[in-house]
Amino acid sequence: MKNYTTAVFDLDGTIFDSSEGIIASLAHVFRICGCQPPPPEELFKFIGPPLCDAFVNIMGFTKERSRELTIAFQEHYSAGAIYLAKPYEGIFQLLDVLKEKGLKLAVATYKPQPLVDLLAQRFQLFRWMDAVCGADGTARTKALIIEKALKQCGSLPGEAVMIGDTRQDRVGALEAGTDFIGVSYGFGFTPKEAADFSRDPEGAEFPIVKTPLDVLKHI
């Protein structure tokens, strides 16, 4: 087991089950634009990637229309739906243990920084986190957001591990130079991928855990 100094967490699907609020705000967006929402199983594909990209890739909207809908989503979401997020069972206990072990902890998420700040304040994430980083004007990719979090922690990529629930988290970790632990209780990894190990496009193995506390088996 590698001796990490820093653990960087994705937010949606890793620390919080944010599906209720996100789906509620998506329903609002689909109502105001007068379009038919996708089936329920498709809605979960909106959780994780940048929302503007999801509107383009899943719904086929133009980039301009997707930006307009993203603004409408964020207005509805920040007005209250964001607070429907629920921490996964065991996640705060995991953070307690990692802090007791002396690790620096951070969040790196595609969520826009103002929304991340709202969640951090509501759930008092700074009890554990040395950095809480979302997307902003200079950090738009997962790798850049991870790098921003590491910089705020004063940590090097080689001593850090990224913990997330999607392939995008894994690719971001690869590009940022950190190790990776996948979680199968979130939104991104399918049951087939939730075996003891999966393989990424580089051919490297990485663990996929089934509960937050299972992360401790690898840190």
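Figure 1. The chain exposes about 10,300 Å², of which carbon and sulfur atoms supply 53%. The model is predicted. Buried residues account for 50% of the 219 residues in the chain.

**Figure 2. Overall dimensions of the chain.** The C-alpha trace spans about 50 × 35 × 30 Å along its principal axes. The radius of gyration is 17 Å, which agrees with the value near 17 Å for a compact globule of 219 residues.

**Figure 3. Secondary structure and contacts in the chain.** The secondary structure comprises 8 helices and 9 strands. Of the contacts between residues at least 6 apart in sequence, 66% join residues at least 24 apart.

**Figure 4. Charged side chains.** The chain carries 23 positive and 28 negative side chains. The centres of these two sets lie 1 Å apart.

**Figure 5. Setting of serine 155.** Serine 155 sits in the loop between helix H7 (142-153) and strand E6 (160-164). Its relative accessibility is 9%, so serine 155 counts as buried, the cut-off being under 20%.

**Figure 6. Contacts of serine 155.** Leaving aside residues up to four places away in sequence, serine 155 touches Thr5, Thr6, Lys104 and Leu150. With one of these, threonine 6, serine 155 makes a polar contact between side chains, at 2.6 Å. The view thus shows a loop residue that is buried and whose side chain has threonine 6 as a polar partner.

Definitions and conventions: Residues are numbered from 1 along each chain as its sequence is written. This is a predicted model: local features need pLDDT of at least 70, side-chain atom pairs count only at pLDDT 80 or more; totals for chains, interfaces and linings use all residues. Side-chain values use heavy atoms; hydrogens and water are left out. Helices (H or I, at least four residues) and strands (E, at least two) are DSSP runs, numbered from the N terminus. The radius of gyration is taken over C-alpha atoms; the globule rule is 2.2 Å times the number of residues to the power 0.38. Buried means under 20% relative accessible area, exposed over 50%, partly exposed in between (1.4 Å probe, protein chains only). Contact means heavy atoms within 4.5 Å. Accessible areas come from the Shrake-Rupley method with a 1.4 Å probe; for residues, only the protein chains shown count as cover. Lys and Arg count as positive and Asp and Glu as negative; His and the chain ends are not counted. The place of a charge is taken as NZ of Lys, CZ of Arg, CG of Asp or CD of Glu. A polar contact is a pair of N or O atoms within 3.5 Å; within protein, one must be able to donate a hydrogen and the other to accept it, and residues adjacent in sequence count only if both atoms are side-chain atoms.
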